[in-house]
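This briefing covers a single model, grouped by topic. Please read the points alongside the sequence and coordinates.

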Amino acid sequence: MRYVQIDTQSDPLSLTHPSTEKQKDLSLLLVNELKAIGVSDAHMDEWGYVYATLPSNSDKQVPVICFCSHVDTAPDASGTGIKPILHRHYKGQEIVLPDDTKQVLRKADFPYLEKLIGHDIITASGKTLLGSDDKSGVAEIIDAANYLMQYPEVKHGTIKILFTTDEEVGKGVEKVDIQKLGADFGYTLDGGEAGSLEDETFSADGVQIIIHGVITHPGHGKGKLVNALKLAAEILAKLPKNELSPETTDQKQGYIHPTRVEGIAEKCTIDFLIRDFVTAELKTKKDLLKKIVTSVLQACPSASFEFKVTEQYRNMKEVLDEHPQIVENAKEAISRSDLVLKMESIRGGTDGSRLSFMGLPCPNLFTGMQAIHSMLEFISVQDMNKAVETIVHVATIWEEKAQVAATTSVP
Ligand SMILES: [Zn+2]
């Protein structure tokens with residue numbers, strides 16, 4: 001509740017990094033708190049990232065594990081003047097937010113609330129988001145670190161802590177120094193309901209189609225002029241209507257999604273997002289798109305097109321499957337915390353998917369956050385405690401399963 005009162009909203013239009021200086025206010029506070037609990041190397045870099053190490057207290061060779069979350073909050077709703085409210089012992093009633101009484105939390109809208117009866121729930125006051133995305137992750141990592149520092153009898157390997165800036169504006173891992181971090185595997189704490197574990201994201205490409213028409217004076221265009229805008233309209237009209245779009249797909253289905261058209265009669269550009277959980281299926285979708293464009297342009301041989309593909313990100317499962325222990329240990333930690341495991345696939349990307357391909361395989365653990373990026377954002381204190389418990393279990397499970405270090409043999 002203290003962390004969310006520090007405004008750390010990131011700004012998608014900013015050209016600086018961090019996108020807003022104020023994110024460093026929380027980063028600096030976290031450095032001081034980590035130092036206060038004995039994490040002596042905690043520091044903030046010029047991008048506002050916090051790096052810290054909990055030294056190993058095990059004589060085994062345990063892989064170095066990183067826990068990561070982001071300090072910024074989403075630009076979707078105000079992050080200024082957040083007044084967190086603790087609603088003790090929720091009984092299933094409607095929760096009316098006092099600063100805007102039109103903002104009401106109801107079980108009918110958020111069925112997950114049914115599971116939170118008896119819990120203590122934190123909300124904002126009605127005029128701002130709460131910022132549990134991702135200050136819940138931050139708080140849980142700090143709390144777990146505090147626990148591990150206080151109880152040295154709880155064995156663990158070297159634990160790295162990483163807090164990033166600008167996740168919400170898509171730049172969260174841009175400046176991460178993987179070498180300096182020095183972790184083998186990681187876990188982001190940026191997921192939703194208690195017990196959930198996300199190990200899969202979309203694979204994603206961007207496609208830009210540039211259509212070159214043929215321009216003449218419109219008064220003398222007969223038989224010569226080819227209007228690129230009309231070709232673009234035809235291409236868009238030929239996209240599948242009942243499938244392969246975000247409007248018509250869910251779960252494990254991918255899509256082709258036009259996001260922007262810009263042009264004049266002579267030249268027109270269309271941008272697309274191509275998404276699928278299976279990377280090879282991206283090609284099938286791109287081939288289909290190219291076939292549509294080719295068929296439209298066949299009727300006008302004097303027109304031409306360019307088809308530019310940009311790789312955006314890849315399904316982190318491809319990397320995680322090479323190191324099954326990462327997800328296995330998380331599953332076991334969740335069950336040791338007496339939670340029901342809920343495996344989820346993210347119909348989008350995460351910092352974890354980017355980190356995974358930067359060399360830090362990194363699934364996403366739950367924090368408890370709900371209704372994120374909105375005025376109705378809420379979180380259960382008990383769910384947060386379960387997340388702390390899960391972090392501690394992850395740390396100890398890695399230690400339990402590690403090899404005993406080779407001891408020098410005594411003759
Ligand atoms: Zn987040």
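Cys 66 is buried, because its relative accessibility is 1%. In this predicted model, Cys 66 takes part in no disulfide, and the nearest cysteine sulfur, that of Cys 68, is 5.6 Å away.

**Cysteines**
- The count of disulfides is 0.
- With a relative accessible area of 1%, Cys 362 is buried.

- Ideal tetrahedral angles at a metal are 109.5 degrees.
- Asp 133 and Asp 190 are both buried.

**Nonpolar cores**
- The largest nonpolar core has 60 residues, among which Leu 34, Phe 67, Phe 163 and Tyr 187 touch the most other members.
- Helix H9 (residues 381-401) contributes the most to this core, namely 8 residues.
- Leaving out residues up to four places away in sequence, Phe 67 touches Ile 141, Ile 159, Lys 160, Ile 161, Leu 162, Tyr 187, Leu 189, Ile 391, Val 394 and Ala 395.
- A second, separate core holds 23 residues, including Phe 272, Leu 289, Val 296 and Ala 303.
- In soluble globular proteins, nonpolar side chains tend to be buried together.

**Asp 276**
- Asp 276 sits in strand E14 (residues 267-276).
- Its relative accessibility is 6%, so Asp 276 counts as buried.
- A polar atom of the Asp 276 side chain lies 2.9 Å from the backbone nitrogen of Val 278.
- The side chains of Asp 276 and Lys 285 are joined by a polar contact of 2.6 Å.
- Apart from residues up to four places away in sequence, Asp 276 touches Phe 202, Ser 203, Gly 254, Glu 281, Leu 282 and Lys 285.

**Ile 95**
- Ile 95 is part of strand E6 (residues 95-96).
- Ile 95 is buried, because its relative accessibility is 2%.
- Setting aside neighbours within four places in sequence, Ile 95 contacts His 87, Tyr 90, Gln 103, Val 104 and Leu 105.
- From Ile 95 to Lys 107 the separation is 12 residues in sequence and 9.6 Å in space, C-alpha to C-alpha.

**Whole chain**
- The protein chain has 9 helices and 19 strands.
- Of its 411 residues, 53% are buried.
- The C-alpha atoms fill a box of roughly 90 × 70 × 40 Å along the principal axes.
- Of the contacts between residues at least 6 apart in sequence, 79% join residues at least 24 apart.

Key:
Residues are numbered from 1 along each chain as its sequence is written. This is a predicted model: local features need pLDDT of at least 70, side-chain atom pairs count only at pLDDT 80 or more; totals for chains, interfaces and linings use all residues. Side-chain values use heavy atoms; hydrogens and water are left out. Buried means under 20% relative accessible area, exposed over 50%, partly exposed in between (1.4 Å probe, protein chains only). A nonpolar core is a set of buried Ala, Val, Leu, Ile, Met, Phe, Trp, Tyr and Cys residues joined through side-chain atoms within 4.5 Å. Helices (H or I, at least four residues) and strands (E, at least two) are DSSP runs, numbered from the N terminus. Contact means heavy atoms within 4.5 Å. A disulfide is a pair of cysteine sulfur atoms within 2.5 Å. A polar contact is a pair of N or O atoms within 3.5 Å; within protein, one must be able to donate a hydrogen and the other to accept it, and residues adjacent in sequence count only if both atoms are side-chain atoms.
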